Amino acid sequence: MSATTDLDETAPIFVQERSVPCDGGNGPLGHPRVWLRIADGAVVCPYCSRRYVLVGEAQEGH
Ligand SMILES: [Zn+2]
């Protein structure tokens with residue numbers, strides 16, 4: 001049996017910059033690209049609910 005769909009949590013996406021683009025990736029959650037700003041360690045895309053987690057040293061600007 002292969003019933004592995006108990007939980008369908010979206011794995012967090014680890015990024016190293018405070019500004020990250022999100023377009024929903026693939027699948028039905030795709031959406032026009034938006035830029036998300038990580039202000040407190042992590043941000044959740046309001047469109048596709050993907051979670052972006054800031055890792056490493058935060059680099060302001062470029
Ligand atoms: Zn998104």
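Where in the protein is the place of Arg 33? Arg 33 sits in the loop between strand 2 and strand 3, the latter spanning residues 34-37. Here are some notes to go with the structure; please keep in mind that this is a predicted model.

1. **Overall make-up.** The protein has 5 strands and 0 helices. Reading from the N terminus, the order of elements is β-β-β-β-β. Of its 62 residues, 6% count as buried. As for the contacts, take those between residues at least 6 apart in sequence: 36% of them join residues at least 24 apart.

2. You will find an open sheet of 3 strands, in the order 1-5-4 and with mixed pairing. Strand 1 (13-15) and strand 4 (42-44) each have a single partner strand and stand at the edges, so one side of each is left without a neighbour in the sheet. From one strand to the next, the twist averages 25°. As a reminder, strands of a sheet pair through backbone hydrogen bonds, either parallel or antiparallel.

3. **Strand 1 with strand 5.** These two strands run parallel, and 3 bridges join them, with strand 5 covering residues 51-54. A handy place to look is Phe 14, which stands opposite Val 53 of strand 5. The C-alpha atoms of this pair are separated by 4.8 Å, although the residues lie 39 apart along the chain.

4. Val 53 belongs to strand 5. Is it buried, partly exposed or exposed? Val 53 is partly exposed, because 13 other C-beta atoms lie within 10 Å, and a residue needs 20 or more to count as buried. Setting aside neighbours within four places in sequence, Val 53 is in contact with Pro 12, Phe 14, Gly 41 and Ala 42.

5. **Pro 21 in strand 2.** Strand 2 takes in residues 19-22, and Pro 21 is found there. Pro 21 counts as exposed because it has 11 C-beta neighbours inside 10 Å, the limit for that class being 12 or fewer. Which residues is Pro 21 in contact with, leaving aside neighbours within four places in sequence? The contacts of Pro 21 are Arg 33 and Trp 35. Val 34 is 13 residues away from Pro 21 along the chain, and their C-alpha atoms are separated by 5.6 Å.

6. **Back to Arg 33.** From its loop between strand 2 and strand 3, Arg 33 touches Pro 21, Cys 22 and Asp 23, not counting residues up to four places away in sequence. Arg 33 counts as exposed, since it has 10 C-beta neighbours inside 10 Å. Tyr 47 is 14 residues from Arg 33 in sequence, and the C-alpha to C-alpha distance between them is 9.9 Å.

7. **A backbone angle to check.** Most residues other than glycine have a negative phi. Ser 49 is not a glycine, yet its phi is positive, at about 65°. Where is Ser 49 found? Ser 49 is in the loop between strand 4 and strand 5. With 11 C-beta neighbours inside 10 Å, Ser 49 counts as exposed.

Note on methods. Residues are numbered from 1 along each chain as its sequence is written. This is a predicted model: local features need pLDDT of at least 70, side-chain atom pairs count only at pLDDT 80 or more; totals for chains, interfaces and linings use all residues. Two strands pair if DSSP finds at least two bridges between them. Helices (H or I, at least four residues) and strands (E, at least two) are DSSP runs, numbered from the N terminus. Axes are lines fitted to C-alpha atoms, for helices over the stretch in contact, and angles run from 0 to 180 degrees between N-to-C directions. Two residues are in contact if their C-beta atoms, placed from the backbone, lie within 7 Å.
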